[in-house]
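Have a look at it first, then work through the notes below.

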Amino acid sequence: MSTAMNAARRSAPETQDPNLRSEYVQSLHMIERLHRLLLDVIKDEFDRTGSSDLNAVQALLLYNMGDNELTAGELKSRGYYMGSNVSYNLKKLVEMGYIDYERSESDKRSVRVSLSAKGRQASEVVHRLYQRQLGSVETVAQVSGDELKGLNKALGRLERFWTDQIRFRL
């Protein structure tokens, strides 16, 4: 992401509001740090529960899948998994017994995946972590529901903006 920010910095118009630029770059850094920190929090939770064979990205993938039966392409298109190595992680999760898979009857190249009983247990670890955090996010972090609503609105707009940047090569 730092390379993208450097490129944006080089091509930014001189008439740009310096405050907007500063806030935008700060937001980019914060989003990046928060994602890494979330993965650290999830990994720490699995280490505490004795399930350290699973990495945080894999645990988050299991949580996001929930009760759905999906293909690898659907995992990416629905936003459940970001990254180019979804096939690798699915293969590892199948090998470790967290995911069941079934070849499509109509297209033998296509595989549908769903959580095994072990995968549902791992998903439940993430769910309990989120529930525990939800119990204290307002009092400890002093983040209200209204603030989260505004944050989600802004992040949704950024997501659409970045999607359009890719889609329309802006």
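Predicted model: local features only at pLDDT ≥ 70, side-chain atom pairs only at ≥ 80, totals over all residues.

Residues are numbered from 1 along each chain as its sequence is written, and side-chain values use heavy atoms, with hydrogens and water left out.

**The overall build**

- The protein chain has seven helices and two strands; these are DSSP runs numbered from the N terminus, with helices being H or I for at least four residues and strands being E for at least two.
- Starting at the N terminus, the order of elements is α-α-α-α-α-β-β-α-α.
- The C-alpha trace spans about 55 × 45 × 25 Å along its principal axes.
- Of the chain's 170 residues, 23% count as buried, meaning under 20% relative accessible area with a 1.4 Å probe, protein chains only.
- Take the contacts (heavy atoms within 4.5 Å) between residues at least 6 apart in sequence: 50% of them join residues at least 24 apart.

**H2 against H6**

- Two packed helices are described by the angle between their axes and the distance between the axes.
- H2 (residues 18–48) and H6 (residues 117–134) pack at about 115°, and their axes are 10 Å apart; axes are lines fitted to C-alpha atoms, for helices over the stretch in contact, and angles run from 0 to 180 degrees between N-to-C directions.
- That makes H2 and H6 roughly perpendicular, a label for angles of 65 to 115 degrees.
- On the H2 side, the residues that meet H6 include Leu38, Val41, Ile42 and Phe46, and among their partners in H6 are Ala122, Val125, Val126 and Leu129.
- By class, this contact of H2 with H6 has nine nonpolar, one polar and three charged residues; Ala, Val, Leu, Ile, Met, Phe, Trp, Tyr, Cys and Pro count as nonpolar, Asp, Glu, Lys and Arg as charged, and the others, Gly among them, as polar.

**H3 against H5**

- The axes of H3 (residues 56–65) and H5 (residues 86–95) come within 11 Å and cross at roughly 85°, so H3 and H5 are also roughly perpendicular to each other.
- Val57, Gln58, Leu61 and Leu62 of H3 make this contact with Asn89, Leu90, Lys92 and Leu93 of H5.
- The residues in the contact of H3 with H5 split into five nonpolar, two polar and one charged.

**Helix H7**

- H7 (residues 145–167) has 23 residues and reaches 32 Å from its first C-alpha to its last, close to the expected 33 Å, which is 1.5 Å times one less than the number of residues.
- After H7 comes arginine 169, with a positive phi near 50°.

Technical notes: Parallel < 35°, antiparallel > 145°, perpendicular 65-115°, else oblique. Buried < 20%, exposed > 50% of the residue type's maximum accessible area, 1.4 Å probe, protein only.
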